[in-house]
Amino acid sequence: MTGIGLNLREIPDENGSFKLMVLGLLLDGPAYSAGVRQGDELLSVNGIDVKGKSAFDASSMLQGPKETFVTIKVKHGDCGPVESMKVQRQLVTRTPVFYRLEKRENNDSSVGYIHITEFNAVAKKDLR
C-alpha cells in the first residue's frame, strides 16, 4: 500500500458531525517527516474538505501511486495553526513488530520482549 503513514480517527464535534484526528503515525513515514503530529486535525486532502467524511474515505484519498504527491491541510492541536503541506506517498507497509532478547542477570536464561506498534495486515505474520 502506498500512502503517507498516518492513521485517522473520527471524533464527534459540537455540530453533530465529526472531524478526523490523527491517531497515530509511522515515526519514519512521510507525514511525520512533513510535520504532522498525533492529535492534529486533518482538514482537507488535495483541496477537498474532509469534514464529515469517514476515516476510511479520507485514508483512501491519501493513498495513490508510489512517489506521487498529495496536498493535505492540518490544524495542529485544538487551537494551533493551520498548515498546508505537500507530502510524497511512499510504500508504508512496514513491520509493526519489534523484538529483543535480553540476558537475565545472575542467570543463564534470557527474556524476550515483543513490542507491537500497530495491529495491521502484516502484524500476525511478523509476530510468528
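Guide: Let us begin with a definition: a salt bridge is a side-chain nitrogen of Lys or Arg within 4 Å of a carboxyl oxygen of Asp or Glu. Please keep in mind that this is a predicted model.

Visitor: How many salt bridges does the structure hold?

Guide: The structure holds three salt bridges. In one of them, the side chains of Asp 13 and Lys 51 meet, with an N to O distance of 2.8 Å. This pair links distant parts of the chain, 38 residues apart: Asp 13 lies in the loop between β2 and β3, and Lys 51 in the loop between β5 (48-49) and α2.

Visitor: Is Asp 13 buried or exposed?

Guide: The general idea is a scale of relative accessible area: under 20% is buried, over 50% is exposed, and partly exposed lies in between. Asp 13 has a relative accessibility of 12%, and therefore counts as buried. Lys 51 is partly exposed because its relative accessible area is 43%.

Visitor: Which residues does Lys 51 contact, leaving aside its neighbours within four places in sequence?

Guide: Lys 51 is in contact with Asp 13, Phe 18, Lys 19 and Leu 43, when neighbours within four places in sequence are left aside. The side chains of Lys 51 and Asp 13 are also joined by a polar contact of 2.8 Å.

Visitor: What distance separates the closest N and O atoms of Lys 75 and Glu 41?

Guide: In the salt bridge of Lys 75 with Glu 41, the closest N and O atoms are 4.0 Å apart. Here too the pair links distant parts of the chain, since Lys 75 is in strand β6 and Glu 41 is in strand β4, 34 residues apart. Lys 75 is partly exposed, with a relative accessible area of 22%. Glu 41 is buried, with a value of 8%.

Visitor: What of the salt bridge between Glu 102 and Arg 100?

Guide: The closest N and O atoms of Glu 102 and Arg 100 are 2.6 Å apart. Glu 102 is partly exposed, at a relative accessible area of 33%. Arg 100 also counts as partly exposed, at 46% relative accessibility.

Visitor: How does one read a nonpolar core?

Guide: The idea is to look for buried nonpolar residues joined through side-chain atoms. The largest nonpolar core has 19 residues, and those touching the most other members are Ile 4, Leu 6, Leu 8, Val 36, Leu 42, Leu 62 and Ile 72. Two or more residues of this core come from each of β2 (6-12), β3 (18-25), β4 (41-45), α2 (55-62), β6 and β7. Val 36 illustrates such contacts: not counting residues up to four places away in sequence, Val 36 touches Leu 6, Val 22, Leu 25, Ala 31, Ile 72, Val 74 and Met 85.

Visitor: How many bridges pair β2 with β3?

Guide: For paired strands, one notes the direction, the bridges and the turn. Strands β2 and β3 pair in the antiparallel sense over seven bridges, and Arg 9 stands opposite Met 21 in β3. Their hairpin has five residues between the strands, and Gly 16 takes a positive phi near 85°.

Visitor: Which residue stands opposite Tyr 99?

Guide: Tyr 99 stands opposite Ile 114 in β10. Strand β9 (residues 97-103) runs antiparallel to strand β10 (residues 110-116), and seven bridges join them. Six residues lie between β9 and β10 in their hairpin, where Asn 106 in the turn has a positive phi of about 55°.

Visitor: Finally, into which domains is the chain divided?

Guide: The protein chain is divided into domain 1 (6-89) and domain 2 (97-127). Taken over C-alpha atoms, the centres of domain 1 and domain 2 are separated by 31 Å.

Notes. Residues are numbered from 1 along each chain as its sequence is written. This is a predicted model: local features need pLDDT of at least 70, side-chain atom pairs count only at pLDDT 80 or more; totals for chains, interfaces and linings use all residues. Side-chain values use heavy atoms; hydrogens and water are left out. A nonpolar core is a set of buried Ala, Val, Leu, Ile, Met, Phe, Trp, Tyr and Cys residues joined through side-chain atoms within 4.5 Å. Buried means under 20% relative accessible area, exposed over 50%, partly exposed in between (1.4 Å probe, protein chains only). Helices (H or I, at least four residues) and strands (E, at least two) are DSSP runs, numbered from the N terminus. Contact means heavy atoms within 4.5 Å. Domain bounds come from an automatic or database domain assignment. A polar contact is a pair of N or O atoms within 3.5 Å; within protein, one must be able to donate a hydrogen and the other to accept it, and residues adjacent in sequence count only if both atoms are side-chain atoms. Two strands pair if DSSP finds at least two bridges between them.
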